Amino acid sequence: MKRKAWCGSAEHPVSRRGFLGAAAAGTAFAADMTVLDGLKQQALAAELKRQQKRVILLWLAGGASQLETWDPKPGAETGGPFRAIQTTVPGLEISELLPKQSQRMRQTAVIRSLNTKIADHGGGYRLMETGRLPEPGVAFPHLGAIIARELGRIDSHVPDHVSMYTSTEGRRKGTAGFLGARYNPMFLTENMMPENIRRLESISQVDHQDRAALRDFFAEKFSRSVDSAAVASHGSAYERVRGLMASDRLFDISEEPQAMREKYGPTQFGEQCLIARRLVEAGVPFVKVARAWWDSHGQNFETHRELCADLDHCMSALMDDLGDRGLLENTLVITLGEFGRTPRINGSLGRDHFASAWSCSLTGCGIKGGAVYGKTDEKGATVVDGEIGAADLFATIFTALGIDYEKEYMLGSRPIPISDFGSSPVEDVLA
């Protein structure tokens, strides 16, 4: 497939960073647009619109069963004990374990034809976090890092990439790879409040503000006398750290009304989904919320009865909350794991790892609600229509967000496309 000539690098004359360097804030953009030519006005408007978009990834760690979620096979020998239920979209059925979601499918698209071929946790995770197979000597960035790079603002005072893995299996972090530490996640592993982000109690608020004002005074005076990019970079980094310190309240759900907290529920997953909403509302481009333990080699049906109830409730609350606030139009909610689970039911009443025919869901921003793409056979063993891989899914996600999926980064002299060579978006699920 032919790639576009624009590499998207920082050196390109109409790059995102070029625009951000010309005008940092929305109001400033509006003012500056009066003196820009027509081409740049259109590009700036598109850039601003794109930067308003966000992603919440609900990561089903361990691999959820597609048969107990998005692709049920009632009556088949592989189907298990649960029924399929009709949704609000005529002809679309999902598992009875997701009754609340069944009433919200007009906002959600289901892809039932992932064939990613890698069915071990480590390999499957690396594939589904980067959208491509690993290569020696190249550290590919996590999806969240790419989104942060593409949708984040260099003058932002909130994190660009937050990953919540508290008390879940694996604690796979995902890194920014060759994009650099700027896009690594703020990674929460032990609790839901970032460590060392708050002002020390030994320093009063007044002293804290006075110190900042004194620092600003000397920094401005110094920068006027020394024309240096390094000085400007140091100042920018300091302002960003100070902004991040001020964002600690975003993680504090005690600021939410009790009624809102009750909507999400008292579970860790529910509270993290609420934090995710607070973060995207404040402008964080990418938030990952992990929910374990879907690795149901034994007692698959009891496991999914419990986990699906949590997913169904929390995802529904999140969708409603985003919708009520007008955020769903610009926020893409993804459910995804490293793979699915076997149609075959093993001797422990479990399902094992399976990457040949599994499902994910996409909701909100850029997505055609109620769409279903792909089909598996009557047992759920193979994809019989619309097979796609991880790279195609990434291309679909980027396109839904208004990001050119053919864009390339430059690693030295080597161009690296943000979605792998040969990939293409699933147009049937795009709005």
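Contact is taken here to mean heavy atoms within 4.5 Å. On that basis, residues 24 or more positions apart account for 73% of the contacts in the chain with a separation of 6 or more. The structure is a predicted model, in which local features need pLDDT of at least 70 and side-chain atom pairs count only at pLDDT 80 or more, whereas totals for chains, interfaces and linings use all residues. Residues are numbered from 1 along each chain as its sequence is written, and side-chain values use heavy atoms, with hydrogens and water left out.

The secondary structure of the chain comes to 12 helices and 16 strands, where helices (H or I, at least four residues) and strands (E, at least two) are DSSP runs numbered from the N terminus. Of the 431 residues of the chain, 54% count as buried, a term that denotes under 20% relative accessible area, with exposed being over 50% and partly exposed in between (1.4 Å probe, protein chains only).

A nonpolar core is defined as a set of buried Ala, Val, Leu, Ile, Met, Phe, Trp, Tyr and Cys residues joined through side-chain atoms within 4.5 Å. The largest such core has 51 residues, and those with the most contacts inside it are Trp59, Ile111, Ile147, Leu332, Leu336, Phe398 and Leu401. At least two residues of this core are supplied by each of several elements, including strand E1 (54-60), strand E4 (108-114), helix H6 (143-151), strand E8 (331-336) and H12, and H12 gives the most, with seven residues. Apart from this core lies another, of 50 residues, among them Leu58, Met192, Ala276 and Val333. In soluble globular proteins, nonpolar side chains tend to be buried together.

Helix H12 (390-400) is mostly covered, with 10 of its 11 residues buried, and its buried residues pack against E4, H5, H6, E8 and E11. Leu332, leaving aside its neighbours within four places in sequence, is in contact with residues that include Ile397, Ala400 and Leu401. Just after H12, Gly402 takes a positive phi of about 80 degrees. In the loop between strand E14 (383-385) and H12 is found Ile388, which is buried, with a relative accessible area of 5%. Not counting residues up to four places away in sequence, Ile388 touches Ile111, Ser113, Leu114, Asn115, Tyr373, Leu393 and Val426; Val426 is 38 residues from Ile388 in sequence and 8.4 Å away in space, C-alpha to C-alpha.

Two helix pairs were examined with axes fitted as lines to C-alpha atoms, for helices over the stretch in contact, and with angles running from 0 to 180 degrees between N-to-C directions. The axes of H6 and H12 come within 12 Å and cross at roughly 25 degrees, and the two helices are therefore roughly parallel to each other, a description given to angles under 35 degrees. In this pair, Leu143, Ile146 and Ile147 of H6 meet Phe394, Ile397 and Phe398 of H12.

The axes of helix H10 (residues 268-281) and helix H11 (residues 300-324) come within 9 Å and cross at roughly 20 degrees, which makes H10 roughly parallel to H11. The contact is made by residues that include Phe269, Cys273 and Arg277 of H10 and Asp310, Leu311 and Asp321 of H11.

Technical notes:
Angles under 35 degrees count as roughly parallel, over 145 as roughly antiparallel, 65 to 115 as roughly perpendicular and the rest as oblique.
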